[in-house]
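Here is a short briefing to read alongside the model. Please keep the viewer open as you go.

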Amino acid sequence: MTDFHRALHSLRVWDTELPSFDPASAPPEPLPLFHDWFTAAAAAGQTEPHTLSLATVDEDGRPDVRTVMLHDADDRGWHFASHATSAKGRQLAARPEAALGFYWPVQGRQVRVRGHVTTGTPQEAYEDLHARTTGALASALVGRQSEVLDSPETLAEASAAAWRRAEAEPDAPAPTWTLYVVEPAEVEFFQGDARRRHVRLRYRRTAGGWTRELLWP
Ligand SMILES: Cc1cc2nc3c(=O)[nH]c(=O)nc-3n(C[C@H](O)[C@H](O)[C@H](O)COP(=O)(O)O)c2cc1C
């Protein structure tokens, strides 16, 4: 057995004290439950609960996935930001549909969101970026996300220049930086259970509002 296999086989999930979740007491809409679970994850010491997996598909229907930061979750949907010129930006321009995945192991909880993606206005993207750190602005100013990089030195120079500009010019625009909003069509809440009697509650948007249904785990 290799060290990798020893490490892999020694690991467990749902091996800690997990919160209970009574779906009968869940609110009629998913957003307040997401806010509750998010706040509880942060309070329980979950590291980086605001990171999520973002899945998109390319023009050939091939799935792609990567991690991004959550910028908001409100009545419009789940917000994140990226470059319109990146791989994900091009995929979303061609097929504006996405799936999001949050996993908060401290509480054995997973939240999945699927829906149509719209873009915020350039002004919203600008305000969202400029409310963040100098590092976030410097990173956005580097640009060229997902392009092939010829050498680490090229990036070092571009990054140093972007940091100088972000510090000297905190209002500098990053034209390709775009705010995306996933309008939820489905939101699923998964509460893990030590005896594998996991609770899955799915909200589905229908003509009359939200339908709630339990799913077999
Ligand atoms: C913790 C973490 C947070 C990230 N947050 C973002 C983000 O908010 N926006 C973004 O464009 N990329 C973010 N990235 C980088 C993406 O995962 C990805 O490398 C990049 O966006 C290029 O993806 P693409 O080639 O599929 O477009 C983050 C990466 C990590 C590990």
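This is a predicted model: local features need pLDDT of at least 70, side-chain atom pairs count only at pLDDT 80 or more; totals for chains, interfaces and linings use all residues.

Residues are numbered from 1 along each chain as its sequence is written, and side-chain values use heavy atoms, with hydrogens and water left out.

**Recorded domains**
- An unreviewed UniProt entry gives "domain: Pyridoxamine 5'-phosphate oxidase N-terminal" at residues 39-162; UniProt annotations may be inferred rather than shown by experiment.
- Residues 39-162 are 34% helix and 35% strand, with end C-alpha atoms 34 Å apart; helices (H or I, at least four residues) and strands (E, at least two) are DSSP runs, numbered from the N terminus.
- The unreviewed entry also gives "domain: Pyridoxine 5'-phosphate oxidase dimerisation C-terminal" for residues 177-217.
- Residues 177-217 are 0% helix and 71% strand, and their end C-alpha atoms lie 39 Å apart.

**Recorded binding site**
- UniProt (unreviewed entry) lists Lys88, Gln110, Gln145, Ser146 and Arg200 under "binding site".
- They span 113 residues in sequence and the farthest two C-alpha atoms are 36.2 Å apart, so they do not all gather at one spot.
- Gln110 belongs to strand 6 (residues 109-119).

**Helix 5 and helix 6**
- The axes of helix 5 (residues 134-142) and helix 6 (residues 152-168) come within 8 Å and cross at roughly 130 degrees; axes are lines fitted to C-alpha atoms, for helices over the stretch in contact, and angles run from 0 to 180 degrees between N-to-C directions.
- The two helices, helix 5 and helix 6, are therefore oblique to each other, a class left over once angles under 35 degrees (roughly parallel), over 145 (roughly antiparallel) and 65 to 115 (roughly perpendicular) are set aside.
- Contact (heavy atoms within 4.5 Å) involves residues including Leu137 and Leu141 of helix 5 and Leu155 and Trp163 of helix 6.

**Around Val199**
- Val199 sits in strand 8 (residues 199-206).
- Its contacts, leaving aside neighbours within four places in sequence, are Phe21, Pro23, Phe189, Phe190 and Gln191.
- The C-alpha atoms of Val199 and Ala24 are separated by 11 Å, although the two residues are 175 residues apart along the chain.
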